[in-house]
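Trainee: I have a model open and want to learn how to read it. Can you take me through it step by step?

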Amino acid sequence: MNLLAINQWNVFESSREQLSGNSLVYISENHTITTSILLIALVGITILYATYKQRFTLLLTSLFSKRHLSQLLREGKLANKNLFIWVHLIIFIVETLFLYLIVQYYFPKLFNFLDPYLLIGVILFLVIIDFLIKKLFSYLYFQMFDYKEEFSQYVLYKLLLQFTNAIGFMILIPLSLYSGYWKLMLLSIPFISITFSITYFNIFTINPKRIHLFQFFIYFCTLEILPYLIIIKLMIQLNK
């Protein structure tokens with residue numbers, strides 16, 4: 001009986017090693033990391049809601065409501081620099097956690113190349129760099145073609161998209177993490193598709209008579225879609 005138990009344990013250890021790779025991604029350690037980041041994000045959202053309750057509500061609903069968006073623009077609700085910093089910190093933290101879990105669930109062999117803590121640092125760095133590069137290129141694009149008046153609305157729509165997705169992720173992540181049913185993360189696909197479609201429909205209709213739509217569509221595909229397709233392809237190759 002003891003020999004059978006030992007053999008079963010050896011089989012379990014062997015299969016776990018095959019699944020997680022040479023570096024052995026320990027489940028308990030990953031839960032500690034993800035739970036810590038999730039707690040930081042929850043504290044940040046709680047502080048943001050308690051401090052800027054009305055603005056928080058407008059940020060969450062303006063993507064789906066023209067009336068709330070008009071109120072947000074009319075009253076200058078984003079003029080507060082502290083609010084601006086808090087919102088972006090939350091977005092960066094939640095996006096980092098979401099992408100880390102995607103890697104953990106769907107690309108586990110990447111842990112062969114990077115320690116979990118280092119991987120989180122790399123993901124956070126890439127999230128911030130992605131934000132800064134897109135902000136720079138969008139600014140240059142709107143300046144080059146003299147769309148200065150439309151730029152502020154474009155930036156606002158992008159912020160609303162990221163914030164709405166971050167709040168949605170904060171619902172999906174605990175459900176997936178603590179139920180152990182990782183396929184719940186797949187619900188992010190229709191959710192992101194809906195918010196993404198609404199955002200870019202609004203962006204494309206900011207001022208269609210002034211903005212050259214075909215030109216903007218090419219810019220959009222190059223900046224918003226192509227980099228992610230390249231990254232996904234690279235991750236699939238590394239995970240083989």
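Trainee: At what angle do helix α5 and helix α7 pack?

Mentor: Remember that this is a predicted model. To read a helix pair, take the angle and the distance between the axes. Here α5 (residues 81-106) and α7 (residues 148-179) pack at about 45 degrees, and their axes are 9 Å apart. Angles under 35 degrees count as roughly parallel, and 65 to 115 as roughly perpendicular. The pair α5 and α7 is therefore oblique. Their crossing is left-handed.

Trainee: Which residues of α5 and α7 make the contact?

Mentor: From α5, they include V87, I91, L97 and F98. From α7, they include L159, F163, F169 and I173. By class, this contact has 14 nonpolar, three polar and one charged residues.

Trainee: How do I read a nonpolar core?

Mentor: Start with the general idea. In soluble globular proteins, nonpolar side chains tend to be buried together. In this model, the largest nonpolar core has 61 residues. V87 and F163 are among those with the most contacts inside it. Helix α7 gives the largest share of this core, 14 residues.

Trainee: F216 is also listed among the residues with the most contacts in that core. What is F216 in contact with, leaving aside neighbours within four places in sequence?

Mentor: F216 is in contact with Y141, F142, Y154, I203, F204 and I211.

Trainee: And the whole protein: how many helices and strands are there?

Mentor: Count nine helices and zero strands. Buried residues make up 39% of the 240 residues. Among contacts with a separation of 6 or more, 76% join residues 24 or more positions apart.

Note on methods:
Residues are numbered from 1 along each chain as its sequence is written. This is a predicted model: local features need pLDDT of at least 70, side-chain atom pairs count only at pLDDT 80 or more; totals for chains, interfaces and linings use all residues. Side-chain values use heavy atoms; hydrogens and water are left out. Axes are lines fitted to C-alpha atoms, for helices over the stretch in contact, and angles run from 0 to 180 degrees between N-to-C directions. Helices (H or I, at least four residues) and strands (E, at least two) are DSSP runs, numbered from the N terminus. Angles under 35 degrees count as roughly parallel, over 145 as roughly antiparallel, 65 to 115 as roughly perpendicular and the rest as oblique. A crossing is left-handed if the near helix is turned anticlockwise from the far one by less than a right angle, and right-handed if clockwise. Contact means heavy atoms within 4.5 Å. Ala, Val, Leu, Ile, Met, Phe, Trp, Tyr, Cys and Pro count as nonpolar, Asp, Glu, Lys and Arg as charged, and the others, Gly among them, as polar. A nonpolar core is a set of buried Ala, Val, Leu, Ile, Met, Phe, Trp, Tyr and Cys residues joined through side-chain atoms within 4.5 Å. Buried means under 20% relative accessible area, exposed over 50%, partly exposed in between (1.4 Å probe, protein chains only).
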